[in-house]
Amino acid sequence: MTAPDPESLLRHALKREAVATPECLDDETIAALAEGTRDAAIRTAAVAHLANCARCRAAVASVARAVADPSIAREITSLGRSRRRVLA
């Protein structure tokens, strides 16, 4: 049995009535915010958007929880190593 796709889980976790807008954060920004790696200017603009967008708040919270999970962190590290070996 394979593990469920994390992106699929995230999509189902978001409320169905929450529709993305042009102002919504992209995947890269969501991940960087959850990891705390965005610069101050981008972070300030993103936080202002999060104050009014339940969809993006849920996405950032979900990714932050996943990044904080030790088993997922190990998988991410492992995937990064595998990818580097393939690219080398």
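The largest nonpolar core is made up of 11 residues: Cys24, Leu25, Ile30, Leu33, Ala46, Leu50, Cys53, Cys56, Ala59, Val60 and Val63. A nonpolar core is here a set of buried Ala, Val, Leu, Ile, Met, Phe, Trp, Tyr and Cys residues joined through side-chain atoms within 4.5 Å. Buried means under 20% relative accessible area, exposed means over 50%, and partly exposed lies in between (1.4 Å probe, protein chains only). Two or more core residues come from each of the elements α2 (27–35), α3 (40–50) and α4 (54–68). Helix α4 gives the most, with 4 residues. Helices (H or I, at least four residues) and strands (E, at least two) are DSSP runs, numbered from the N terminus.

The model is predicted, and local features need pLDDT of at least 70, side-chain atom pairs count only at pLDDT 80 or more, and totals for chains, interfaces and linings use all residues. Residues are numbered from 1 along each chain as its sequence is written, and side-chain values use heavy atoms, with hydrogens and water left out.

The chain holds 5 helices and 0 strands. Along the sequence the pattern reads α-α-α-α-α. Of the 88 residues in the chain, 17% are buried.

Helix α2 has four residues listed as buried: Thr29, Ile30, Ala32 and Leu33. Seen down the axis of α2, these residues fall within an arc of 170°, so they line one face of the helix. The arc is that of the directions from the helix axis to the C-beta atoms. Asp27 and Glu28 are exposed on the other side of α2. The buried residues of α2 pack against α3 and α4. Just after this helix, Gly36 takes a positive phi of about 75°.

Thr29 lies in helix α2. Its relative accessibility is 11%, so Thr29 counts as buried. The side chain of Thr29 makes a polar contact with the side chain of Asp26, at 2.7 Å. A polar contact is a pair of N or O atoms within 3.5 Å; within protein, one must be able to donate a hydrogen and the other to accept it, and residues adjacent in sequence count only if both atoms are side-chain atoms. Apart from neighbours within four places in sequence, Thr29 is in contact with Arg38 and Ala46.

In helix α3, the buried residues are Ala46, His49 and Leu50. They cover an arc of only 100° around the axis, which puts them on the same side of α3. The face turned away from this buried side carries the exposed residues Ala40, Ala41, Thr44 and Ala45. Helices α2 and α4 are among the elements that cover the buried residues of α3. Asp39 caps the N-terminal end of α3, with a side-chain oxygen 3.3 Å from the backbone nitrogen of Ala41.

His49 belongs to helix α3. The relative accessible area of His49 is 16%, so this residue is buried. Leaving out residues up to four places away in sequence, His49 touches Thr21, Glu23, Cys24, Leu25 and Cys56. Cys24 is 25 residues from His49 in sequence, yet the C-alpha to C-alpha distance is 7.5 Å. Val60 also draws on separate parts of the chain: beyond neighbours within four places in sequence, Val60 is in contact with Leu25, Ile30, Leu33, Ala34 and Leu50.

A search of the whole structure finds 0 disulfides (pairs of cysteine sulfur atoms within 2.5 Å). Cys24 is in no disulfide, and the nearest cysteine sulfur, that of Cys56, is 3.7 Å away. Cys56 is likewise in no disulfide; the nearest cysteine sulfur to Cys56 is that of Cys53, 3.7 Å away. Cys24 has a relative accessible area of 15% and is therefore buried. Cys56 is buried too, at 0% relative accessibility.

Notes: Contact = heavy atoms within 4.5 Å.
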